[in-house]
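This report covers side-chain contacts in one protein chain. It takes aromatic ring pairs and salt bridges in turn.

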Amino acid sequence: MRDTRMEPAAGWIRRKPLIWDNYPVNDYANWRLFLSPVKNRDPDLGEHVIGLMSNPMKQSEISKLPLATIGAYLRDPKRY
């Protein structure tokens with residue numbers, strides 16, 4: 001499967017894009033904690049971007065749970 005959504009962006013900026021994944025940030029709803037695993041990321045995304053950054057919650061310790069799932073995705077996106 002090819003992630004063609006990144007191809008137009010790469011053409012506009014003349015390089016592979018860097019993705020800022022705004023998960024699991026909760027600054028718009030501090031009372032809400034996002035603890036579910038990362039979902040709906042294409043297994044071929046890494047072939048079309050230069051990197052992926054994540055934006056954690058203000059609650060640093062509890063952010064480790066969803067950030068660990070992003071790490072699992074990045075280690076082996078095809079089997080995630």
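The sections below describe the ring pairs and then the charged pairs of this predicted model.

## Aromatic pairs

A pair of aromatic rings is described by the distance of the centres and the angle of the planes. The count for this model is 2 aromatic pairs. In one of them, Tyr-28 and Phe-34 have ring centres 6.3 Å apart and planes at 35 degrees, so the pair is tilted. The centre distance falls within the 6.5 Å cut-off, and the angle belongs to neither the stacked class (under 30 degrees) nor the edge-to-face class (over 60). Tyr-28 is exposed at 59% relative accessibility, whereas Phe-34 is buried at 14%.

Tyr-73 and Tyr-80 make up an edge-to-face pair, because their planes stand at 75 degrees, with the ring centres 5.8 Å apart. Tyr-73 is buried, its relative accessible area being 3%. Tyr-80 is partly exposed, with a value of 42%.

## Salt bridges between separate parts of the chain

Side chains of opposite charge can pair when their charged atoms come close. Across the whole structure, 5 salt bridges are found. Among them is the contact of Arg-41 with Asp-21, where the closest N and O atoms are 2.9 Å apart. Arg-41 sits in the loop between strand 1 (18-24) and strand 2 (51-55), and Asp-21 belongs to strand 1, so the bridge ties together parts that are 20 residues apart in sequence. Asp-21 is buried at 10% relative accessibility, while Arg-41 is partly exposed at 27%.

Glu-47 and Lys-78 form another salt bridge, with 3.4 Å between the closest N and O atoms. This pair links distant parts of the chain, 31 residues apart: Glu-47 is in the loop between strand 1 and strand 2, and Lys-78 is in the segment after helix 2 (60-75). Glu-47 is partly exposed, with 47% relative accessibility; Lys-78 is exposed, with 53%.

Glu-61 is exposed, with a relative accessible area of 57%.

Key. Residues are numbered from 1 along each chain as its sequence is written. This is a predicted model: local features need pLDDT of at least 70, side-chain atom pairs count only at pLDDT 80 or more; totals for chains, interfaces and linings use all residues. Side-chain values use heavy atoms; hydrogens and water are left out. Rings of Phe, Tyr and Trp (its six-membered ring) pair if their centres lie within 6.5 Å; planes under 30 degrees apart count as stacked, over 60 as edge-to-face and the rest as tilted. Buried means under 20% relative accessible area, exposed over 50%, partly exposed in between (1.4 Å probe, protein chains only). A salt bridge is a side-chain nitrogen of Lys or Arg within 4 Å of a carboxyl oxygen of Asp or Glu. Helices (H or I, at least four residues) and strands (E, at least two) are DSSP runs, numbered from the N terminus.
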